[in-house]
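Work through the exercises below with the sequence and the model side by side, and try each task before reading its solution.

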Amino acid sequence: QVQLVESGGGLVQPGGSLRLSCAGSGSIFSINAMGWYRQAPGKQRELVATVTKGGSTDYADSVKGRFTISGDDAKKTVYLQMNSLEPEDTAVYYCNFNLKRAMYRPYEIYWGQGTQVTVSS
């Protein structure tokens, strides 16, 4: 099986920074892409940022210039550096891997359990 475990969430004041990590373990043969999503109370889950195996990144307009995603394929870990945090960034953050569990298997999507980020004074 595959497990994704997030860490690094917490309470931070507006303007502050946090760094989220998500480590994958278990039967992971290859990772095609990794990403971060978030879900605020009463809202749908939305894309925050993604990074492909080739290193291409994509960001939601609301976080461009403030957040940076990076991936370490060897460590099976994705990071999200969040700077200049705003109250509107408050949400549960989920990591997401697009991976193969074996060479002959198709790519599948796996999710972490989520980590709470609260931006408040």
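L80 is buried at a relative accessible area of 0%, where buried means under 20% relative accessible area, exposed over 50% and partly exposed in between (1.4 Å probe, protein chains only). This is a predicted model, in which local features need pLDDT of at least 70 and side-chain atom pairs count only at pLDDT 80 or more, while totals for chains, interfaces and linings use all residues. Residues are numbered from 1 along each chain as its sequence is written, and side-chain values use heavy atoms, with hydrogens and water left out.

**Exercise 1. Describe the surroundings of L80.**

Begin with the strand: L80 has its place in β8, strands being DSSP runs (E, at least two residues) numbered from the N terminus. Next, list the contacts, meaning heavy atoms within 4.5 Å; leaving aside neighbours within four places in sequence, the partners of L80 include L18, L20, W36, V48, F67, I69 and Y93. Finally, take F67, which is 13 residues from L80 along the chain, although the C-alpha atoms of the two are separated by 6.7 Å.

**Exercise 2. Determine the strand order of the sheet that contains β8.**

The sheet is open and has four strands in the order β1-β3-β8-β7, with antiparallel pairing; two strands pair if DSSP finds at least two bridges between them. Its edge strands are β1 (2-7) and β7 (67-72), each of which pairs on one side only. Within the sheet, β3 (residues 18-26) and β8 (residues 77-82) run antiparallel and are joined by six bridges, and L18 stands opposite M82 in β8.

**Exercise 3. Which side-chain partners does R38 have in polar contacts?**

R38 is found in β4 and counts as buried at 6% relative accessibility. Its side chain makes a polar contact of 2.7 Å with the side chain of E46 and another of 2.9 Å with that of Y93. Such a contact is a pair of N or O atoms within 3.5 Å; within protein, one must be able to donate a hydrogen and the other to accept it, and residues adjacent in sequence count only if both atoms are side-chain atoms.

**Exercise 4. Classify the aromatic pair of Y37 and W111.**

Rings of Phe, Tyr and Trp (its six-membered ring) pair if their centres lie within 6.5 Å, with planes under 30 degrees apart counted as stacked, over 60 as edge-to-face and the rest as tilted. The centres of Y37 and W111 are 5.0 Å apart and their planes stand at 65°, so the pair is edge-to-face. The two residues, 74 apart in the chain, lie in β4 and β10 (residues 108-111) respectively. Y37 is partly exposed at 22% relative accessibility, and W111 is likewise partly exposed, at 36%. W111 also has the charged end of R45 over its ring, 4.6 Å from the centre.

Notes: A charge sits over a ring if NZ of Lys or CZ of Arg is within 6 Å of the ring centre and within 35 degrees of the ring normal.
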